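Here is a short report for a first look at this structure. Keep the sequence and the 3D view at hand while reading.

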Amino acid sequence: MALDDRARHRTSVEQVRARREASLRDPMGWLSLVGLYWLQEGEQSFGSDQANVIVLRAAEGSVPANAGSLEVSGDSVVVHPSDPGLTVGGRPAADGLELADEASEDGPTILELASLRAYLIRRGAGRLALRIKDTAAPALRDFNGLDYFPIDPAWRVKGRLDPAQPGATITVPDIVGDVLEEATPGVVAFELGGAVHRIHTLEAQPGHLWLVFGDATNGRETYGGGRFLVTGPVQPDDSVEIDFNLAYNPPCVFSPHATCPLPPEGNRLALRAEAGERMWTATSIEH
């Protein structure tokens, strides 16, 4: 690779890493994730008192002993506030307000309480959970960057997608025990270390592949549950660039309350992928 090509590649990887770290510094990024509560049918109270079903603590500001309750009826969740400190968009939450979840077209309804932000997610076969983020979380406050393997253009390879039949799916497990059938664009094949490797793919943004993969560095240098990678665009001839320098950690590295997918069967590489993000730890996180 020519010197100017190597320089352009390094600059490109560094730009992606800078955007990645900026997203982690966002007050609503993964470093602020401090809680996950699975919801049941009926009413569940929340506040700082231990008698609540959902017990909340905030890094900044005071959480009322009882701030309100969530009432679950089938797929619907409504909020019943009992303290004016519970707000939505800076205004007191309305009694009976139905909450939109994270998959909604306009995004989730975000409940605000002191430095906490809470919203609904759906996982598995329609399971509902309340995700809690703290915009003043210690992990967010103390974050001073990620650790990486050295940038090496040898880990940027050409692959080829073997397209799946329309409607094809693969089985994807996740960290909370759910197993889902997810649409797949197909299997991508590439050569590394003198061998051909194949990975079942998911779709990232349209035209790009999302790889959820494991390798022999997992559990020591990198997260035991594998890493993620978004490829370059798939070309008309089904070729695609795969740059392992862009491999990144799943959210579960930054919080024990995330619900990360794990590598599907067959997606653990028999090699050491010494590229991309290394394991990240913070003493402020309780695992």
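## Glu277 and its surroundings

The side chains of Glu277 and Asn249 are joined by a polar contact of 3.0 Å. The model is predicted. Glu277 lies in the segment that follows β20, the strand of residues 239-243.

Is Glu277 buried or exposed? Its relative accessibility is 3%. The cut-off for buried is under 20%, so Glu277 counts as buried. Leaving aside residues up to four places away in sequence, Glu277 touches Arg20, Leu146, Asp147, Tyr148, Phe149, Thr222, Arg227, Ala247, Tyr248, Asn249 and Phe254.

Strand β18 covers residues 208-213 and pairs with β19 in the antiparallel sense. Five bridges link the two.

These strands belong to an open sheet of three, in the order β17-β18-β19, with antiparallel pairing. β17 (202-203) and β19 (227-233) stand at the edges. Each has a single partner strand, so one side of each has no neighbour in the sheet.

## The disulfide

How many disulfides does the structure hold? It holds one. The bond joins Cys252 to Cys260, with an S to S distance of 2.3 Å. The torsion about this S-S bond is about 120°, so the disulfide is right-handed.

Both ends are buried. Cys252 has a relative accessible area of 9%. For Cys260 the value is 3%.

Note on methods. Residues are numbered from 1 along each chain as its sequence is written. This is a predicted model: local features need pLDDT of at least 70, side-chain atom pairs count only at pLDDT 80 or more; totals for chains, interfaces and linings use all residues. Side-chain values use heavy atoms; hydrogens and water are left out. A disulfide is a pair of cysteine sulfur atoms within 2.5 Å. Buried means under 20% relative accessible area, exposed over 50%, partly exposed in between (1.4 Å probe, protein chains only). Two strands pair if DSSP finds at least two bridges between them. Helices (H or I, at least four residues) and strands (E, at least two) are DSSP runs, numbered from the N terminus. A polar contact is a pair of N or O atoms within 3.5 Å; within protein, one must be able to donate a hydrogen and the other to accept it, and residues adjacent in sequence count only if both atoms are side-chain atoms. Contact means heavy atoms within 4.5 Å.
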